[in-house]
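Hi,

Here is the structure I promised to pass on. Have a look at it first, and my notes follow below.

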Amino acid sequence: MAGEFVRNVRVFTLNCWGIPFSFASKNRFERFNAIGDHLKEEAYDIVVLEEVWSYSDFKKIREKTKAVLPHSYYFHSGFIGAGICIFTKGEIIDTVIHRYSLNGYAHKVQHGDWFGGKCIGLCVVDYAGLRFNVYATHLHAQYSVVNDEYCSHRVTQAFETAQFIRATRHTADVCVLAGDLNLEPTHVGYKLISCHGLLKDAWLEKENKSDGQDSGFTCDTMHNTYSSGNSPVRIDHIMYSSRPTVSVRCLDVTMPLDTIPGHHMSYSDHEAVLAVLNISLSDSISNVTGVQTLPDLDSSFSTEERISSLQEASLILEEGMRKVQRNRYYFGGLCVVLALLMILTVDLTFPYGTQSLMVAVRIGLAAALGYSFWMAVVESRKEIVSMRGARAGMRVAKESALRAIKMNDRNWQNNGI
């Protein structure tokens with residue numbers, strides 16, 4: 001078309017495995033130095049990183065890459081930070097953060113997600129005369145396939161991700177979501193983000209199908225030096241969408257990192273993902289300073305699949321609410337037992353030399369009682385309310401989609417089709 005603008009934009013994402021404890025994240029200093037060197041050398045257009053839990057690690061990468069990626073942003077959230085950050089060649093003109101309403105349990109210290117303040121972050125980027133909405137996120141991990149105790153939390157996070165993107169995309173020319181979603185393509189949470197969030201999966205859309213990386217696995221891969229390779233999965237994703245007047249084609253998606261040069265170690269326990277997006281538009285499109293309304297994108301996606309994913313997600317949350325209610329009874333019963341133990345030990349006399357031990361035991365009982373009460377009364381209530389709110393939103397979205405189907409059927413009948 002006349003005055004056509006075409007540009008390739010390279011989007012890179014990596015879960016950096018940056019837990020700030022050497023016993024939990026091997027070779028972190030060497031790996032983060034290598035990650036910064038790689039980003040400096042390759043000079044990607046947009047970079048989204050996860051598990052950068054230490055702000056000093058972010059600053060280290062920012063210092064290394066400031067010549068080629070002059071604009072960056074770190075999303076602060078939770079006790080130790082959200083761990084997500086964005087680097088870009090384009091100027092960041094606005095930022096928004098939404099912290100997920102559900103994100104694991106404080107007493108599951110060995111998992112640690114609760115302390116991370118998981119969220120979805122948005123950087124609005126002015127680049128090449130276009131407005132990019134760059135979304136970064138890292139959903140709750142799955143620690144067991146057989147007994148996935150966090151499934152309802154992850155589904156809630158996925159729905160909130162889709163809702164957040166739907167609510168903030170209207171002034172963007174191009175939307176890009178990148179990060180460790182901890183969701184395989186068969187999971188309902190993935191379907192919520194892609195179908196309800198109206199996003200295309202770069203791996204599925206890529207035009208180059210002959211790059212020798214047919215699986216697209218990004219975690220627990222055979223060649224990664226930090227994983228066993230027994231159960232490889234594709235959970236790190238790059239997704240995108242655009243307004244109808246902007247064309248985006250995914251030319252290729254690759255895993256650009258192998259081992260660190262000169263070292264027999266991978267850059268992380270996850271694989272990096274690189275997508276090359278070809279963006280074109282006509283000169284009739286207004287520039288980045290113009291505020292535009294994004295037309296409805298629902299027609300580009302399967303409404304039936306969207307409804308199906310919303311229904312499946314709602315059932316998962318319904319079961320999740322029943323599970324929380326059972327946990328509520330458990331912690332309530334624990335409160336009664338602990339309170340009785342506290343009462344029974346009030347007037348007891350203990351042998352000489354054991355008083356200090358019993359004081360410590362009673363302090364422990366009091367702490368356990370307080371925490372059990374908190375879980376039974378406060379946290380359980382908060383969890384149920386969050387799931388109830390997500391289910392209400394899913395119901396509204398499903399009803400809206402059903403109305404759209406009926407309206408389309410009515411239009412076809414009126415047009416004699």
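**What I found**

Thr 13 stands opposite Val 273 in S12. The two strands involved, S1 (residues 5–15) and S12 (residues 273–281), run antiparallel and are joined by nine bridges. Strands here are DSSP E runs of at least two residues and helices are H or I runs of at least four, numbered from the N terminus; two strands pair if DSSP finds at least two bridges between them.

Before going on: this is a predicted model, where local features need pLDDT of at least 70 and side-chain atom pairs count only at pLDDT 80 or more, while totals for chains, interfaces and linings use all residues. Residues are numbered from 1 along each chain as its sequence is written, and side-chain values use heavy atoms, with hydrogens and water left out.

S1 and S12 belong to an open sheet of six strands with mixed pairing, in the order S3-S4-S2-S1-S12-S11. Its edge strands, S3 (71–74) and S11 (246–254), each pair on one side only.

Now to helix H4 (residues 151–168), where Gln 157 sits. Gln 157 counts as buried because its relative accessibility is 0% (buried is under 20% relative accessible area, exposed over 50%, partly exposed in between, with a 1.4 Å probe and protein chains only). Beyond its neighbours within four places in sequence, Gln 157 is in contact (heavy atoms within 4.5 Å) with Tyr 100, Leu 102, Asn 103, Lys 118, Leu 139 and His 140.

Enjoy looking through it!
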